[in-house]
Amino acid sequence: MKKHLNPQLIFMCFKYTIYLLLTMDIYHFFVDEYSAFALTFADGYTLTNFLTGYNATIDTVAWVVLLYLFELETSILEDEKIVGWVKWSLHGVRIISYLFIISAFYRYISRYDLFVGVEPFLMDDLCSLVGSSYTFAVTMDEYIPWTQQICASMTNEPLLRFTDTNIISTIPQHNTIVHLAIIDIINAGTWLLVVLALEFDVWLQLKGKLTPQIMTISKWFKVIIYSVLIGCLIAWAVIGEILDIFDAFLWLLGFFFIELNLFDWNAETNAEKEQETH
């Protein structure tokens, strides 16, 4: 006799695989930012520089924690268990996560200010930079040592230097970096709207006041903001930022699962209310 696979088990395995991949994403961002940190902040190491340089890593840690909190509330914990110390523990961790997320959003804006601050870089012998601390900006988080090949390809090419750094860029590359910084700001701000809507939905659900009418309004609001996030994903695809595309897709999937959890939770609660009235 053939054994049929349990669709619910397959779904759960897929969902938690996505969560695991998002958790592993922390490492990928750390590796990228670790290599760029010392080159970006040539003027020294400070707490502000650390938070700005490792902004994506810190932001991702906070978002992963927040994702797991939503999973606990909307799928794992029973309503009657979200009381007392459990409730306040969840709230405490949530507040800390939001502090990091909001500060990360502010640092995305600060990083944009860093990238738009440039000055013309004029030097007669660019090849003299080979072996020095000067680097060439390939993209927002990728800077490579100045080489003879770069030197040869930069003949008669207008160059820019990021203010207070030893990072050199061409005008087209600088424009791309600025565009990426703008997309990061839009993406981070929109995700704040996503979790704000989810927090409101979860709060109403726990109060027993998440009506079908409110669910409909929430659904259309989320259609708009998720569309903006998909727009950011498309923009990264056009520019060719593979890591950002993969990361954005995983996060959309992760919060799609949270939305499904909320929908099932609400449907189960409404079914229980109907049974009580009969």
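**View 1. Helix α4 meets helix α6.** In this predicted model, the axes of α4 (residues 84-116) and α6 (residues 171-207) come within 9 Å and cross at roughly 160 degrees. Here an axis is a line fitted to C-alpha atoms, for helices over the stretch in contact, and angles run from 0 to 180 degrees between N-to-C directions. Helices (H or I, at least four residues) and strands (E, at least two) are DSSP runs, numbered from the N terminus. So α4 and α6 are roughly antiparallel to each other, the label for angles over 145 degrees.

**View 2. Who touches whom between α4 and α6.** Contact just means heavy atoms within 4.5 Å. On the α4 side, look for residues including Y98, I101, F105 and Y112; on the α6 side, H174, I177, I185 and L192 are among them. Sorted by class, this contact has 17 nonpolar, two polar and four charged residues. For the sorting, Ala, Val, Leu, Ile, Met, Phe, Trp, Tyr, Cys and Pro count as nonpolar, Asp, Glu, Lys and Arg as charged, and the others, Gly among them, as polar.

**View 3. A five-stranded open sheet.** Follow the strands in the order β1-β4-β5-β2-β3, and you'll find mixed pairing. Two strands pair if DSSP finds at least two bridges between them. β1 (118-120) and β3 (142-145) are the edge strands, each pairing on one side only. From one strand to the next, the twist averages 40 degrees. β2 (residues 135-139) and β5 (residues 167-170) pair in the parallel sense over two bridges, with T135 partnered by I167.

**View 4. Strand β4 and its neighbours.** β4 pairs with β1 in the antiparallel sense over three bridges, and P120 has L160 as its bridge partner in β4. Three bridges also join β4 to β5, again running antiparallel; there, L160 is partnered by S169. These two strands, β4 and β5, form a hairpin with four residues between them, and D164 in the turn has a positive phi of about 65 degrees.

**View 5. What covers the sheet.** Helix α6 lies across β1, β2, β4 (159-162) and β5, running at about 105 degrees to β5. Both faces of β4 are covered: L159 and R161 on one side, L160 and F162 on the other, are all buried (under 20% relative accessible area, with a 1.4 Å probe and protein chains only).

Residues are numbered from 1 along each chain as its sequence is written. Local features need pLDDT of at least 70, side-chain atom pairs count only at pLDDT 80 or more, totals for chains, interfaces and linings use all residues, and side-chain values use heavy atoms, leaving out hydrogens and water.

Conventions
Parallel < 35°, antiparallel > 145°, perpendicular 65-115°, else oblique. Buried < 20%, exposed > 50% of the residue type's maximum accessible area, 1.4 Å probe, protein only.
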